[in-house]
Amino acid sequence: MEPEIKKCIIIGSSPGSRIPADVDFNDSYVICADGGLDIAKQNNIVPDLLIGDFDSLQSDLPQGVETIRLQTEKDDTDMMAAIREALRRGYNSFTLLCSLGGRMDHSYANLCALQFLVSQGYRAEIADDGCRVFLLSDGRMTLSDLKGRTVSVFPFGSAFCTVSYVGMKYPLRDACISSVNPIGISNVILTNRAQIIVHSGNALIFLLS
């Protein structure tokens, strides 16, 4: 029997980020990581949990919302702390919002958080306005009804990954993509059922609007 899918949406605080209009908040547990509360307020979203050291929060903490205050000096980012708390509460499907842009090191840390979730067997994606980011390890991703969309693929966590494309403008078959030769940039989906197959390594997949 398949385990029950328990969805969690975590809102980060990357400057200039916007919540995509097609993100479904129904039946999702919503966590704001630190300044993600400011973005939630701008979008009239009431979170279930607030977590962070709140050094980037511009507004006041609201009354009546569960809050976990972290020490400023800590190993985890606020996003990673939110992920660990959600896992502790039994959530197994994650959408990370407002986690790209702003400081590059924070964006990279959020990509690492995505890898952490996938490596532990959880469903996870990063969703930003105009972009979805997935990490695929030794498997295949089917892209249905996305003809004309742009896709970029890069190795992540190692210097190489081996991939094949089906239904793409620039096809690859058992091709090694290297971090020093980013040939996976800006491919285009040509069919209504395209596929990206990862034969070895980890592939970071950017699906652009």
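**Aromatic pairs and a helix contact**

Four aromatic pairs are present in the structure, which is a predicted model. A pair of aromatic rings is described by the distance of the centres and the angle of the planes. One of the pairs is formed by Y29 and Y91, which are stacked, at 4.8 Å centre to centre and with 20° between the planes. Y29 belongs to strand β2 (residues 28–33), while Y91 sits in the loop between α2 and β5 (93–97), so this pair ties together parts that are 62 residues apart in sequence. Both Y29 and Y91 are buried.

Another pair, F94 with Y122, is edge-to-face: the centres are 6.3 Å apart and the angle between the planes is 80°. Here too distant parts of the chain are linked, since F94 is in strand β5 and Y122 is in the loop between α3 and β6 (123–128), 28 residues apart. F94 has a relative accessible area of 2% and is therefore buried. Y122, in contrast, has a relative accessible area of 28%, so this residue counts as partly exposed.

Next come the helices. Helix α2 (residues 78–88) packs with helix α3 (residues 104–119) at an angle of about 20°, and their axes are 10 Å apart. Angles under 35 degrees count as roughly parallel, and α2 and α3 are therefore roughly parallel to each other. The crossing of α2 past α3 is right-handed. On the α2 side the contact is made by M79, M80, I83, R84 and L87, and on the α3 side by N110, A113, F116 and L117. By class, the residues of this contact are seven nonpolar, one polar and one charged.

Methods. Residues are numbered from 1 along each chain as its sequence is written. This is a predicted model: local features need pLDDT of at least 70, side-chain atom pairs count only at pLDDT 80 or more; totals for chains, interfaces and linings use all residues. Side-chain values use heavy atoms; hydrogens and water are left out. Axes are lines fitted to C-alpha atoms, for helices over the stretch in contact, and angles run from 0 to 180 degrees between N-to-C directions. Helices (H or I, at least four residues) and strands (E, at least two) are DSSP runs, numbered from the N terminus. Angles under 35 degrees count as roughly parallel, over 145 as roughly antiparallel, 65 to 115 as roughly perpendicular and the rest as oblique. A crossing is left-handed if the near helix is turned anticlockwise from the far one by less than a right angle, and right-handed if clockwise. Contact means heavy atoms within 4.5 Å. Ala, Val, Leu, Ile, Met, Phe, Trp, Tyr, Cys and Pro count as nonpolar, Asp, Glu, Lys and Arg as charged, and the others, Gly among them, as polar. Rings of Phe, Tyr and Trp (its six-membered ring) pair if their centres lie within 6.5 Å; planes under 30 degrees apart count as stacked, over 60 as edge-to-face and the rest as tilted. Buried means under 20% relative accessible area, exposed over 50%, partly exposed in between (1.4 Å probe, protein chains only).
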